[in-house]
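Dear colleague,

My notes on what was found in it come after the display.

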Amino acid sequence: MNTAVSKCETQMKGEGVMAGSAHRTIAEKIWDAHVVRSAEGEPDLLYIDLHLIHEVTSPQAFDGLRAADRKVRRPDLTIATEDHNVPTTGITGPGVPLSGPGSPVTDPVSRTQVEALRKNCAEFGIRLHPMGDAGQGIVHVIGPQLGLTQPGLTIVCGDSHTSTHGALGALAFGIGTSEVEHVLATQTLPQLRPKTMAITVNGALPDGVTPKDLILAIIAKIGTGGGQGYVVEYRGPAVRALSMEGRLTVCNMSIEAGARAGLVAPDDVTFAYLEGRPHAPSGADWERALDYWRSLPGDDDAAFDHEVTLDAGTLSPYVTWGTNPGQALPLAASVPDPDSLADPDQRAAAERALAYMGLTPGTALRDVTVDTVFLGSCTNGRLEDLRAAADVLRGRRVAPSVRMLVVPGSMQVRAQAEQEGLDTVFTAAGAEWRAAGCSMCLGMNPDKLAPGERSASTSNRNFEGRQGKGGRTHLVSPAVAAATAVTGHLAAPADL
Amino acid sequence: MEPFTTHTGRAMPLRRTNVDTDQIIPAEYLKRVSRAGFGEGLFAAWREDPAFVLNQPQYAGATILVAGTDFGIGSSREHAVWALTDYGFRAVIAPRFGDIFRTNATKAGLLPVILPEAAVAALQDAIEADPATEVTVDLGARVVLADAAGLKAPFDLDDYTRWRLMEGLDDIGLTLRRTDDITAFELSRPAWLPVTA
């Protein structure tokens, strides 16, 4: 990291012109524009433009504020939603009761946590989209949807998938509850400068290969710790060719490669996505914003601390076979033999993973049968994801042995999908059409795998027990999820 | 936050890599609204196996966890740190940590110590050979010592984090001293930036 450059940098200026030196990546430009205070031997104090909160990682932070008699510095830069522990059935609409008759929430502990969020948001004046609200949804789906997620911003949330927002050219990263409290109190965070990594994807994704397959292939290549300590910038023609929703999927899983943040430099795809959204700038402000956003992409001569290159043309649908997201292979492959791994740690990890997953080396991945298919999450719960799955399911049936949950990432995504008639496609095929939430991604609401159940899931983590204690997860794209639902075993649409 | 200067205790070997925070504390335990009591959920699923290291009596009372690489990857849940400290751990030693877990640990008084793989393996071997082996993590000198095993391994931690941990300082209190800088920065922010209100 070139600290000499950072030291002479200025703040983001009102007219959106970026004064400063060349040789910087976009991540470095955003960083430099947010340094409130920089001192030798200390972390930089970074200003935070947008703070997203939810019910699970915030209650202790608000308690801390109260205990120290502190206020929320900028409630107008903070927004809350209920997503992690809320159910996705019985949501009758705005004002659905949290308790008593007609409440979909049956778990008293979950209810207490949601009540705490509502009480905290009311006390500190924070906008909240509660269960049943038309604006409710997964925190990483509603930020971009509202146009709050914008290029050049610093965005944090007490959730590791905050990296999602990097798709619009923001520097966005997950934080813990102590840091949530820090941001609430000060609207800043002390942070050590991360290193920068370029992941360049050349060529073009072949037909039938999706952004999910791309990011699974990237994680398989660099490993779950490969991005540790870095901000990743995804670049190259195959990344440029992705839709905004595809970029959101890719950036979402940066943390699964260990990178706290991943981003894509903004371009016309970004601007077209943002224009007209409720919180996007308009009129003369839109032009000012565009000027600034166009100054953000990294300088041609900017150097990265580490570079990785992939050829998109060699990729195919990917699925995970193990218990971390780096344990992935092309669908056409077979369950690997741990004995073939030279590294003893990797061999031991593979042996453990296969024992947990109940898989035998040499089994074709296409022969792995599932009983559950989950379509949703902050990784793949947006409209394009639902369309991709509906395209596969139209005129087909979910196999009798399979239960398929379709969980839109937000109530707005749900409404849009219903306008397009996608809900009818899913229900006609025999899938369950749900309300918005994190659902089966993380096993802390009623949507869970039972012990021994096996899923094909469009979510982001295949850790042991992630989708429910004893559950077994194969991470897949929405298209593979839909084809798998039809056949009952891991499959791509081309197999149908 | 309780200051951390130097700590001597017995250690527990966890010979697993990629220990994600879902294993350290499963999601079903995240519904509490306080910081207390998470120790009962520590490694909840793995603890059901009587052979799991947490259930082995020779390691009872250990205060230092010695784990494989990429410890604490995955979810940002600080509850993972609270579960380890509530159970009694003061330090975790591993070749590499998940970024967010590592930051969370330094905010909640659990010392994350990065040692090379060979040093971690040597430490695990020494503990397994004699579970009574005393291990010292000296933050002032930035070194891990296990005298009985002849082990002395220096580790890196940036000066600022080390100072903050040794003083047990409240990060927010430190930043609030810079309120004038924050206010000045806010005045320079363009008016078109989004607000949620």
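This is a predicted model: local features need pLDDT of at least 70, side-chain atom pairs count only at pLDDT 80 or more; totals for chains, interfaces and linings use all residues.

**Chain A as a whole**

Chain A contains 17 helices and 19 strands. Its C-alpha trace extends over about 60 × 55 × 45 Å along the principal axes. Of the 496 residues in chain A, 60% are buried. Where contacts in chain A have a separation of 6 or more, 75% of them are between residues 24 or more positions apart.

**Two open sheets in chain A**

One open sheet of chain A has five strands, in the order E5-E4-E3-E6-E7, and its pairing is parallel. Strand E5 (127-129) and strand E7 (171-174) of chain A each have a single partner strand, so one side of each has no neighbour in the sheet. From one strand to the next, the twist averages 20°. Within this sheet, strand E6 (residues 154-157) of chain A is joined to E7(A) by four bridges in the parallel sense. Val156(A) has Phe173(A), in E7(A), as its bridge partner.

Another open sheet of chain A is also made of five strands with parallel pairing, and its order is E17-E16-E15-E18-E19. Strand E17 (432-433) and E19 of chain A are its edge strands, each pairing on one side only. Two bridges in the parallel sense connect strand E16 (residues 403-406) of chain A with E17(A). Opposite Val406(A) stands Trp433(A), which belongs to E17(A).

**Helix H12 of chain A**

Helix H12 (residues 344-357) of chain A has 14 residues, which at 1.5 Å a residue should span 20 Å; the C-alpha atoms at its ends are 20 Å apart, so expectation and model agree. Which residues of H12(A) are buried? They are Ala349(A), Ala350(A), Ala353(A), Leu354(A) and Met357(A). Because these residues cover an arc of only 130° around the axis, they lie on the same side of H12(A). Pro344(A) and Ala355(A), on the other side of H12(A), are exposed.

The cover over the buried residues of H12(A) includes strand E19 (472-475) of chain A. Just after H12(A) comes Gly358(A), which takes a positive phi of about 65°.

**Chain B**

Chain B has seven helices and seven strands. Read from the N terminus, its elements follow the order β-α-β-α-β-α-β-α-β-β-β-α-α-α. Along the principal axes, the C-alpha atoms of chain B occupy a box of roughly 65 × 40 × 25 Å. Buried residues account for 45% of the 197 residues in chain B. Of the contacts in chain B between residues at least 6 apart in sequence, 70% join residues at least 24 apart.

Strand E1 (residues 6-14) of chain B takes part in pairings of both senses. With strand E5 (residues 134-138) of chain B, the pairing of E1(B) is antiparallel and runs over five bridges. Here Thr6(B) is placed opposite Asp138(B) in E5(B). With strand E2 (residues 64-67) of chain B, E1(B) pairs in the parallel sense over four bridges. In that case Met12(B) is placed opposite Leu65(B) in E2(B).

**The contact between the chains**

How many residues does each chain bring to the contact? Chain A brings 70 residues and chain B brings 50 residues. On the side of chain B that touches chain A, at least two residues each are supplied by helix H1 (21-24), helix H3 (99-107), helix H5 (159-167), helix H6 (171-176) and helix H7 (179-188) of chain B. H3(B) gives the largest share of that side, with five residues.

Yours sincerely

How values were computed. Residues are numbered from 1 along each chain as its sequence is written. Chains are lettered from A and ligands numbered from 1 in the order in which they are written. A residue is buried if 20 or more other C-beta atoms lie within 10 Å of its own, exposed if 12 or fewer, and partly exposed in between; C-beta atoms are placed from the backbone. Two residues are in contact if their C-beta atoms, placed from the backbone, lie within 7 Å. Two strands pair if DSSP finds at least two bridges between them. Axes are lines fitted to C-alpha atoms, for helices over the stretch in contact, and angles run from 0 to 180 degrees between N-to-C directions. The expected span of a helix is 1.5 Å times one less than its number of residues. The arc is that of the directions from the helix axis to the C-beta atoms.
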